Amino acid sequence: MKLNLLLTLLLISSLSLFGQTKDYNIRLVNSTFLPQENLKNPDQAFYQNSVPDFLLLQFYDVPNTAARTTLEECGITLGDYIPNYAYVAKIDKGLNVNDLIDLGVRSIVQLDERFKYSPDIFQKRYPEEAIEGDKIRLL
């Protein structure tokens, strides 16, 4: 009986391990969000004409050395890692969406105030001594 119970528990725990899905939520100090997979129907004009210098690239898996080398050959340098599976990337050339898909990129996200501001500024919690009328003085 104990053996049956042990085997049943072992089977259930092993099935739950195989059924786990990857967590693609981006965890920032100011927010957590799930980027959409946006390379399957990309806005080609954005990727070819007005690419910002820095973007967030989220991958399906952490890129290996060969993928990083290919990215650099495409003019993309990976910087800081952001959980989960994402990097701030410096873009030196236009983006070729097909290359990104081949390299396992899941999503491209423009960097906005969630990435840039401290939690106090993002949540508009200013020190009293910094408020002068309707303006905020930098200290």
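1. Start with arginine 106: its charged end sits over the ring of tyrosine 24, 4.5 Å from the ring centre. Here "over a ring" means that NZ of Lys or CZ of Arg is within 6 Å of the ring centre and within 35 degrees of the ring normal. Arginine 114 does likewise with phenylalanine 33, its charged end sitting over that ring at 4.1 Å from the centre.

2. A word on what you are looking at. This is a predicted model, where local features need pLDDT of at least 70 and side-chain atom pairs count only at pLDDT 80 or more, while totals for chains, interfaces and linings use all residues. Residues are numbered from 1 along each chain as its sequence is written, and side-chain values use heavy atoms, with hydrogens and water left out.

3. Back to tyrosine 24: ring pairs link Tyr24, Tyr60 and Tyr85 into a cluster. The structure holds four aromatic pairs. For a pair, rings of Phe, Tyr and Trp (its six-membered ring) need centres within 6.5 Å; planes under 30 degrees apart are stacked, over 60 edge-to-face, and the rest tilted.

4. Phenylalanine 59 and tyrosine 87 make an edge-to-face pair, with 6.1 Å from centre to centre and 80 degrees between the planes. Phenylalanine 59 belongs to strand S3 (residues 54-59) and tyrosine 87 to strand S5 (residues 86-91), so this pair ties together parts that are 28 residues apart in sequence. Strands (E, at least two residues) and helices (H or I, at least four) are DSSP runs, numbered from the N terminus.

5. Tyrosine 87 has another partner: its ring and that of tyrosine 81 have centres 5.2 Å apart and planes at 70 degrees, so this pair is edge-to-face too. Are the two tyrosines buried or partly exposed? Tyrosine 87 is buried at 6% relative accessibility, whereas tyrosine 81 is partly exposed at 40%. The cut-offs are under 20% relative accessible area for buried, over 50% for exposed, and partly exposed in between (1.4 Å probe, protein chains only).

6. S5 itself is mostly covered, with five of its six residues buried. Five bridges join S3 to S5, and the two run antiparallel; leucine 56, for one, has valine 88 in S5 as its bridge partner. Strand S4 (residues 76-82) is also joined to S5 by five bridges, again antiparallel, with isoleucine 82 partnered by alanine 86. Strands pair if DSSP finds at least two bridges between them. S4 and S5 form a hairpin with three residues between them, and tyrosine 85 in the turn has a positive phi of about 65 degrees.

7. How many salt bridges does a search of the whole structure find? Five, each needing a side-chain nitrogen of Lys or Arg within 4 Å of a carboxyl oxygen of Asp or Glu. Among them, lysine 90 and aspartate 92 have their closest N and O atoms 2.7 Å apart; lysine 90 is partly exposed at 35%, as is aspartate 92 at 49%. Arginine 114 turns up again here, meeting aspartate 112 at 2.9 Å, N to O.

8. Finally, Tyr117, Ile121, Tyr126, Ile131 and Ile136 make a nonpolar surface patch of about 440 Å². Patch residues have over 30% relative accessible area and no salt bridge; nonpolar side chains (Val, Leu, Ile, Met, Phe, Trp, Tyr) are joined within 5 Å, like charges within 9 Å. The accessible areas come from the Shrake-Rupley method with a 1.4 Å probe. Tyrosine 117 is found in the loop between helix H5 (113-116) and helix H6 (119-122).
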